[in-house]
Structure formats: structure tokens, C-alpha cells
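Here are my comments on the model, as numbered points. Please keep the structure open while reading.

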Amino acid sequence: MKKIFLSDIIKFLTKKYPLENATTWDHPGLQIGNPDQEVKKILTTLDVTPQLVQTAVANNIDTIISHHPLIFHPIKTIDLSHPRSQMNAELIKHNINVFSIHTNFDDGEPGMNDFLAELLNLKNVTKICPGKTINGINYFGRMGETNKSINELIKIFKDKLKIKMIKFLDNGRQIKKVGIIGGAGASGIKPAFESGADLFITGDVKYHDFLEAQISHYAVLDVGHVVEKIFALKMVPIIQQEFPTLTVKSNKLSAMEIPNLEDK
Ligand SMILES: [Zn+2]
């Protein structure tokens with residue numbers, strides 16, 4: 001059987017989701033690891049946490065593919081009394097690679113926002129503001145049509161992604177067009193409504209974002225940043241199709257939930 005190396009995985013992922021498509025402040029790509037190392041067992045996840053690393057060690061995972069970068073802020077010291085440093089040391093000790101695809105994945109085709117639009121079964125999906133750019137890239141979520149009510153859309157997030165806490169501002173609008181940005185996308189509220197949205201869905205909506213939305217009679221759904229855990233589920237078939245001999249598992253939970261390794 002032909003050996004697969006981390007460099008093969010990196011080549012595949014960066015061809016599909018080029019690193020140059022990431023925003024300027026982002027830091028996707030290789031976080032920890034050796035491109036020359038053979039890969040046999042992959043774990044996909046939204047976040048890399050000490051619990052997740054424990055799960056990876058216990059299950060002989062050699063490569064973690066995460067959405068959120070493991071090393072987002074530059075490391076200035078490796079103080080092994082700190083849990084984050086301990087986690088990084090544990091990854092190195094057990095030869096576990098970590099590779100992240102973040103904002104280069106969000107607007108990918110298919111990427112985060114396509115998968116969320118698909119989850120909601122939106123029709124005639126387009127970019128929210130085609131041609132508009134943030135930080136030099138076209139990165140503005142998706143917009144599509146629905147015949148579902150806000151309550152029916154909330155139920156999809158609760159049933160399919162097991163999201164428990166959802167905040168919403170109804171404003172009595174009849175929902176036909178839905179804009180969606182995974183993660184913290186409150187900056188997209190205004191552009192989405194200016195582009196014809198009746199409802200905007202994202203995570204991490206602050207009090208004052210809701211207040212502005214209420215004043216403008218916008219309907220907004222804050223499904224939490226946790227909605228991006230769809231990444232872990234959707235990456236499994238993408239990697240598995242390219243590398244059928246690998247074992248690929250997903251962590252279906254976010255860092256805010258108790259990690260649990262489950263089969264795809
Ligand atoms: Zn995120």
C-alpha cells in the first residue's frame with residue numbers, strides 16, 4: 001500500500017483551500033508537525049484543546065486537521081507550567097501533526113458557508129455581496145432562499161448540530177432570503193440586509209449588534225461560534241475521498257463541549 005505523508009495531505013488541502021485566500025490577520029497552515037511524517041489516522045476538529053489532544057493520543061491519531069489555528073498568537077515562551085504549553089509539548093512528544101484551514105476554508109467552494117447554507121437547505125445560494133472584499137479577499141458568507149420560519153431554522157441547528165443556546169431577534173419579518181456567515185460575522189448584518197436578506201445568521205453577536213439590528217428592524221439569529229463544528233463533519237468525506245486508505249475521524253463537538261471521538 002502506498003504510504004501517505006503529511007506533505008501529501010498539505011498539498012491536497014492547500015490546493016483546495018489556498019493559503020493565500022486567508023485574511024491578512026489569519027494564520028492557517030502547518031501549526032506543529034513534520035511534512036515528511038507518514039500519516040495513517042486523522043482527526044478533524046473545530047478547536048484543538050488539551051482534552052482533544054488527550055483523545056488524539058488515546059486513539060493513536062497522528063494528524064489533527066483543525067479549523068481554528070492552534071497557534072494563532074505568536075508564542076513568546078514555552079512555559080511548561082501553563083496548560084497551553086503542556087498541550088503543545090504533548091503534541092510534539094506524541095508526534096501528532098496539526099494543520100489548520102481557517103479563513104481560507106470559510107469562503108472556499110465548498111467551504112464553511114456553503115456547508116451551512118446546505119445544512120439549512122437554502123436554494124439559489126449566492127455570495128452575500130459578490131465582488132465586495134474584506135481585508136483584500138471576497139469573504140462574505142452566503143445568501144439563499146427558504147420557505148422555513150425562524151423557528152424551523154432554529155430547530156435544524158438544534159437537531160442536526162445539537163446546539164443548545166441560540167439567541168434571536170425576530171422583528172416579525174417574513175423570511176424568504178437568509179444570509180449566513182459561520183463564526184463571528186456580525187459585521188455582515190448590515191451588508192446582508194442591504195443585499196436583500198430577511199434574516200441574518202451568524203455567531204458571537206454582541207448586545208449592541210442586536211440593538212442596532214432591532215432599531216433597523218432586522219431579524220438576526222446568533223447560533224454561536226460553535227456552529228462551525230460542521231467543519232469537523234464535512235472534512236471527513238473530503239479527506240476520505242482523496243485518501244481512501246486513511247482512517248479519518250471527526251470530533252463532533254466544539255471546545256465548549258466535552259470532547260467525544262465518534263466515527264463518521
Ligand atoms: Zn471561527
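**Notes on the fold**

1. The protein chain holds nine helices and twelve strands. Bear in mind that this is a predicted model.

2. Overall dimensions come next. The radius of gyration is 19 Å, which agrees with the value near 18 Å that a compact globule of 264 residues would have. Along the principal axes, the C-alpha trace of the protein chain spans about 55 × 40 × 35 Å. Buried residues account for 42% of the 264 residues. Take the contacts between residues at least 6 apart in sequence: 66% of them join residues at least 24 apart.

3. Six strands make it up, in the order 5-6-8-9-10-7, and the pairing is mixed. Strand 5 (123-127) and strand 7 (167-169) are the edge strands, each pairing on one side only. From one strand to the next, the twist averages 20°.

4. How do strand 7 and strand 10 pair, and over how many bridges? The sense is antiparallel, and there are three bridges between strand 7 and strand 10 (residues 219-222). Phe168 has Leu221 in strand 10 as its bridge partner. Helix 6 (residues 150-161) lies across strand 7, strand 9 (199-203) and strand 10. Helix 6 runs at about 15° to strand 10.

5. Helix 5 (residues 112-119) deserves a close look. Six of its eight residues are buried, so helix 5 is largely enclosed by the rest of the structure. The buried residues are Met112, Asn113, Asp114, Phe115, Leu116 and Ala117. They pack against helix 4 (103-106), strand 5, strand 6 (142-145), strand 8 (177-184) and helix 9 (230-242).

6. Which residues meet where helix 5 packs on helix 9? Met112, Phe115, Leu116 and Leu119 in helix 5 meet Ile230, Phe231 and Lys234 in helix 9. The two helices, helix 5 and helix 9, pack at about 100°, with axes 10 Å apart. That angle makes helix 5 roughly perpendicular to helix 9.

7. The ends of helix 5 bring two backbone features to check. The loop between helix 4 and helix 5 contains Pro110. A cis peptide bond joins Glu109 and Pro110, with omega about 0°. Asn121 follows helix 5, and its phi is positive, near 60°.

8. Val236 lies in helix 9.

9. Asn171 sits in the loop between strand 7 and strand 8. Its phi is near 60°, and Asn171 is not a glycine. Asn171 is partly exposed, with 15 other C-beta atoms within 10 Å. Asp204 is in the loop between strand 9 and helix 8 (207-215). Phi of Asp204 is positive, about 55°, although Asp204 is not a glycine. Asp204 has 14 C-beta neighbours inside 10 Å and counts as partly exposed.

Technical notes: Residues are numbered from 1 along each chain as its sequence is written. This is a predicted model: local features need pLDDT of at least 70, side-chain atom pairs count only at pLDDT 80 or more; totals for chains, interfaces and linings use all residues. Two strands pair if DSSP finds at least two bridges between them. Helices (H or I, at least four residues) and strands (E, at least two) are DSSP runs, numbered from the N terminus. Axes are lines fitted to C-alpha atoms, for helices over the stretch in contact, and angles run from 0 to 180 degrees between N-to-C directions. Two residues are in contact if their C-beta atoms, placed from the backbone, lie within 7 Å. The radius of gyration is taken over C-alpha atoms; the globule rule is 2.2 Å times the number of residues to the power 0.38. A residue is buried if 20 or more other C-beta atoms lie within 10 Å of its own, exposed if 12 or fewer, and partly exposed in between; C-beta atoms are placed from the backbone. Angles under 35 degrees count as roughly parallel, over 145 as roughly antiparallel, 65 to 115 as roughly perpendicular and the rest as oblique.
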